[in-house]
Amino acid sequence: MPALIAFVVRMAYWQEHAASPFFAIPFLDENFYDQFAKALLSGAPMASDAAFRPLLYPAFLAFLYRLADGMGIMLAIFVQHMFGVLIAFIVTVLASRLFHSRWAGFCAGLAYALAAPPLFFEGELLGESFFTLLFCLALFLHVRISGENAAMSANSPAPPSPRRQWLSWAGCGAMVALAAQIRPNAFILIALYPALTGLWLLKSKRMSAMLPMAGLIGALVIQASFAGINASFTGVFRLIPGAGGINFYLGNNARADGMIPRQAQPAVYSGDYRDSIQVYAEQTYRDAMLASGAAPSTDMETISRYWTQRALADIRNTPLGWLKLMGRKMVLFVWNHEIPNNKSFHFFAEHESSILRLLPVRWAVLMALAIP
């Protein structure tokens, strides 16, 4: 039922959104992904772009662009709304299993189906809906294998075979790695596998305690596969693109406000659209190296390390200011407001979409329900 409600809501929003002058018009990050996908189709993406952001979402767009032949953005937005329907279904199943209650599953799925922020982002050319789907699938796989392990502990008459368990754990790690190919912060789940292995080894010395480490193998296979594809564009075999340093700096430097990634100076360039943060990172790094008499590198990992070091230096120089910034981020984390990025959610809700305005579930409700 929640999935059906999610479908009705999304089709109503699709019809309403299609009448907006902003529909299927890429802005900022959307423009980056749109240009990246078109470059992939042509077989000649910029090496720096391929080294700056993960490949999966642009590749997903490129696949849809080829299918749609000129209507790729519209098809991508429609597919992302279908992702939202599938996520509502997965959330329903997850909650039912976790709380052993169909009623809990229905309430959780309904909350997602009627949530305005995810619906808004499904309508944009951004990777959030695809990432959320992969992350929810990863959570589902982890919950499922946890149930199998619980059955084994209870001496189930038909416990899963070691081979099936190994493949299940490897699948968990592979799904986490796929999600990380859209947003690398999904890798935080990778720490689960050695942690579980250590905990189980303390409780039991059996070889089965090592099974969670198969998750690392599954993740490594996916990462190595994407690294090989990226290497064909960049010439460098790297498990994850090297944009983490500049993002860490913009979020933690002495001028950061916890909301908007502010650059100290504008990025100036000509030609096709490029990510302004990427241009700023490259230009400022190059200027700093030339000013110090060193030869600048074009390797994104080297540039990323430079920005990581600058961020750590700012934190060391103003530790109290950084702690204050962390406190502000915690407040914003539970704030019932979507910070404008590519487009303003609140502008669209007020002036473009009655559906976004009327849906009852917002960030504060989602956050409160996520804690239990």
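This is a predicted model: local features need pLDDT of at least 70, side-chain atom pairs count only at pLDDT 80 or more; totals for chains, interfaces and linings use all residues.
Student: Where do I start? How many helices and strands does the protein have?

Tutor: Begin with secondary structure. Here the protein has 18 helices and zero strands.

Student: What percentage of the residues is buried?

Tutor: Buried residues make up 45% of the 372 in the protein. The protein exposes about 18900 Å², and carbon and sulfur atoms supply 67% of that.

Student: What share of the contacts with a separation of 6 or more joins residues 24 or more positions apart?

Tutor: That share is 71%.

Student: Take F130. Which residues is F130 in contact with, leaving aside neighbours within four places in sequence?

Tutor: F130 is in contact with L56, Y57, F60, F83 and I182.

Student: How many aromatic pairs does a search of the whole structure find?

Tutor: The search finds 16. For each pair, read the distance between centres and the angle between planes. F60 and F83 are 5.7 Å apart centre to centre, with 35° between the planes, a tilted pair. This pair links distant parts of the chain: F60 is in helix α4 (residues 56-68), F83 is in helix α5, and 23 residues separate them. Both F60 and F83 are buried.

Student: And W103 with F106: what is the geometry of that pair?

Tutor: Stacked, at 5.8 Å centre to centre and 15° between the planes. W103 and F106 are about one helical turn apart because they sit three residues apart in helix α6 (residues 102-113).

Student: Is W103 buried or exposed?

Tutor: Compare its relative accessible area with the cut-off. W103 has 60%, so it counts as exposed. F106 has 28% and is partly exposed.

Student: Last, a loop. Where is P296 found?

Tutor: P296 lies in the loop between α13 (276-291) and α14 (300-317). Its relative accessibility is 33%, so P296 counts as partly exposed. Beyond neighbours within four places in sequence, P296 is in contact with Y285, R286, M289 and L290. From P296 to Q283 the C-alpha to C-alpha distance is 10.0 Å, and they are 13 residues apart in sequence.

Conventions
Residues are numbered from 1 along each chain as its sequence is written. Side-chain values use heavy atoms; hydrogens and water are left out. Contact means heavy atoms within 4.5 Å. Helices (H or I, at least four residues) and strands (E, at least two) are DSSP runs, numbered from the N terminus. Buried means under 20% relative accessible area, exposed over 50%, partly exposed in between (1.4 Å probe, protein chains only). Accessible areas come from the Shrake-Rupley method with a 1.4 Å probe; for residues, only the protein chains shown count as cover. Rings of Phe, Tyr and Trp (its six-membered ring) pair if their centres lie within 6.5 Å; planes under 30 degrees apart count as stacked, over 60 as edge-to-face and the rest as tilted.
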